[in-house]
Amino acid sequence: MSARIGFAGLTHLGICSATATAAHGFQTVGYDADVGLVANLAAGEPPILEPGLRETMAANTHLLRFTADISHLRDCDVIYLALDVRTDDAGNSDLAPLRELIGKVAGVARPQASIVILSQVPPGFTRAYAAADARFIYQVETLIFGRAMERALRPERFIVGCAEPAAQLPAPYAALLRAFGCPILPMRFESAELAKISINMCLVASVGVANTMAELCEGVGADWSEIVPALKLDARIGPKAYLAPGLGIAGGNLERDLSTVVRLSGEHGTDCGIVKAWIANSTHRRDWALRRLAETVLEKPGELVIGVLGLAYKEDTASTKNSPSVALIRNLRPVPLQAYDPAVKVDSAWHPQISGAASALAACDGAAAVVIMTPWREFRDLDPATMARRMSGKVLIDPYRVLDPAACRAAGLAYHTLGRPAEAA
Amino acid sequence: MGANGFVGGAIVRHLRAIGVAALPLSRTDIDLLQPDAGEKLAARLKPDDAFLFVSAIAPCRDHDGLLRNLTMVRAVCAGLERASAAHVINISSDAVYAASEETVSERTPAAPADLHGVMHATREVMLRGSIKAPLAILRPSLLYGAADPHNGYGPNRFRRLAAEGKEITLFGGGEEQRDHVFIDDVSAVVGLCLMHRSQGVLNIATGRSVAFRHIADMVAGKFAQPVKITPTPRRNPIVHRHFDVTDRVKAFPRFAFTPLEQGLARVHQESLGGRRG
């Protein structure tokens, strides 16, 4: 009989991970104290937006159940602590809810069970529990908002932190990991906890390079999109390198890890100047669209309206955590805004004069400038000529190059995107 | 305070033009170098006043100048400690920043390289330590205007040389890029800060740095007679100064600086005796 797997904490991490585990043939129970949440999940109504999640849940209802009764975890061979750790605006983690949940789970888990911390914790966290309770293991989570099911169902590898890396993992846990068919990398607790952070530091470094060089391209007359293919063909950089310029780091996870590295460096006296530079660069890039608006329409006299397409911090998610779009909106308080997002409703707390448009085109109506702040797929279907007819002005700010620059130019729009010089209308 | 100076005078004119009741104070009203200056200042202040501190002995080039400037600041601090104001604005300078290739923003550490910068940086620290009211510290970049008495390297000196029929001599080829701000724009930003009761640090810069050579060409182009522009052998490495003006855009999204070409044209007109618009 295959192992029974439990997930405690049904946030984004827990829901996606539990669903993927069931999809691999394991009896899986997801626990959360929130009765309403549990009821919605049981009815196939997850509170999060992730491509493929609903379908995978629906296909595995015979293996996946949800409960608000923690005693249902008692029969589990492996119990994951899968609560997403919240962060404040400075990226500092609030670990208190996780610690509370750990205490409850440890109290109900069988002595032979494995308790696996999947939540995002700093180095040293797991050993503090494992020193007194040999059941504890740490496993790195590598989900990406908007691609979480893909990442949960087909992980690239499992990174496991344990007391004795050379020893065999507990049999039920090892069988679970083997079912996914990817490499399993056991290591000491702190290495695994720092591996998680290191992955994100590599990504941030790559994004920092992209942002810095893209900005330089805008000044010297180069086009970053012409340079990227050449970089990816360099074996030292690779075809999957993270080289798309963006509007700063958002979502919460990268910010948390940056904050953790700075804090740990301060505690241990190690150099983190480069990390602070990445953070500063992210802050600088976040306001790219604002600066372009200032140069093009804000400094001109007269009334104007600006259209904002996209509110979520990235496509395929409803999260606005550290969203560049919301940051832009908050900085445009004197200017009336029309905003549209397929998944996020406008919040009047962001801006005193913001209205929610019924569609992307409706957000363009009468706008002196339109800014595409989230690269939702549906925005790619917009016709620049139609947009230009509905706008009162000619400025299109498209940082992620959602639309075709040539089509925008043909429509008479002054096109602005990351990584290349601005074009006049 | 400092109403008779180039910057103070422009601010007073602008505030009156937009209907703000401005009380100009100069050395003849309160000599900040005198021991009773703080007391006299306190006697003038009302609780709902905004206090603009513009006075400075500038440029500050030697120790005596530094100490006199700090004496003035001490008097202002003493006055503001005795009698509160609702809002305080200090006109500082971008001289507080080190000469560096890095783009300057409000988060760039103050690391002055000369006594003039030290003076302004110390002034900021002293005011921050004394004042309870909202405090705005404005750090203008290089200023230009017809009434500027200083003859610093840049549009003011270039214009005077050209007007006297002399050649404009550049350091090197005039490659260094700097951000030049028209004096009227400083006044306008001060007006906005007063309206919003702004506090914190704000650089006053356009965000568009231009090479001195380009400025020399623009100034020379205003004169009917040809003006010779002469480069000289370069003695120091080229160091540009660019500003990241995001904070100013966030503070005042609809504010526009006078384009340099337009500002130089206005200065040229005013210096020929044309009226200020």
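This is a predicted model: local features need pLDDT of at least 70, side-chain atom pairs count only at pLDDT 80 or more; totals for chains, interfaces and linings use all residues.
Taken along the principal axes, the C-alpha atoms of chain A fill a box of roughly 70 × 50 × 35 Å. A compact globule of 425 residues would have a radius of gyration near 22 Å, and the 24 Å of chain A agrees with that. Of the 425 residues in chain A, 47% are buried. The contacts also tell you something about how the chain is folded back on itself: among those between residues at least 6 apart in sequence, 67% join residues at least 24 apart.

Next, the domains. The assignment divides chain A into domain 1 (4-189), domain 2 (197-284) and domain 3 (287-416). If you look at domain 2 and domain 3 of chain A, you will find their centres 25 Å from each other, taken over C-alpha atoms. Where these two touch, domain 2 of chain A provides eight residues and domain 3 of chain A provides twelve. On the domain 2 side of this contact there are two nonpolar residues, five polar ones and one charged one.

Now turn to the strands of chain A. Eight of them form an open sheet with mixed pairing, in the order β3-β2-β1-β4-β5-β6-β7-β8. The edges are held by β3 (64-67) and β8 (184-188) of chain A; each has a single partner strand, so one side of each has no neighbour in the sheet. On average, and with direction ignored, neighbouring strands of this sheet are turned by 25 degrees against each other.

Strand β4 (residues 78-81) of chain A runs parallel to strand β5 (residues 114-117) of chain A, and four bridges join the two. You can follow the pairing residue by residue: I79(A) has I115(A) in β5(A) as its bridge partner, while L81(A) stands opposite I117(A) in β5(A). Helix α4 (residues 96-108) of chain A lies across β1 (4-8), β4 and β5 of chain A, and runs at about 165 degrees to β4(A).

Eleven residues of chain A are in contact with seven residues of chain B. Helix α12 (residues 288-298) of chain A supplies the largest share of the chain A side, namely four residues. Sorted by class, the chain A side has six nonpolar, two polar and three charged residues. How much of α12(A) is covered? Nine of its eleven residues are buried. Among them are W288(A), L290(A), R292(A) and L298(A).

V326(A) belongs to helix α13 (residues 324-330) of chain A. Is V326(A) buried or exposed? V326(A) counts as buried because 23 C-beta neighbours lie inside 10 Å, where the cut-off for burial is 20 or more. Leaving aside neighbours within four places in sequence, V326(A) is in contact with L311(A), T320(A) and W350(A). By contrast, 36 Å separate the C-alpha atoms of V326(A) and A23(A), which are 303 residues apart along the chain.

Finally, a few backbone details are worth a visit. Most residues other than glycine have a negative phi, and most peptide bonds are trans. R401(A) is not a glycine, yet its phi is positive, about 55 degrees. You will find R401(A) in the loop between β13 (395-397) and α16 (405-410) of chain A. R401(A) is buried, because 20 other C-beta atoms lie within 10 Å.

Chain B has a case of its own: R197(B), also not a glycine, has a positive phi of about 45 degrees. R197(B) sits in the loop between α6 (183-196) and β8 (200-204) of chain B. With 13 other C-beta atoms within 10 Å, R197(B) is partly exposed. The last stop is the peptide bond between A58(B) and P59(B), which is cis, with omega about -5 degrees. P59(B) is part of the loop between β1 (50-53) and α3 (63-82) of chain B.

Key: Residues are numbered from 1 along each chain as its sequence is written. Chains are lettered from A and ligands numbered from 1 in the order in which they are written. Ala, Val, Leu, Ile, Met, Phe, Trp, Tyr, Cys and Pro count as nonpolar, Asp, Glu, Lys and Arg as charged, and the others, Gly among them, as polar. Domain bounds come from an automatic or database domain assignment. The radius of gyration is taken over C-alpha atoms; the globule rule is 2.2 Å times the number of residues to the power 0.38. A residue is buried if 20 or more other C-beta atoms lie within 10 Å of its own, exposed if 12 or fewer, and partly exposed in between; C-beta atoms are placed from the backbone. Two strands pair if DSSP finds at least two bridges between them. Axes are lines fitted to C-alpha atoms, for helices over the stretch in contact, and angles run from 0 to 180 degrees between N-to-C directions.
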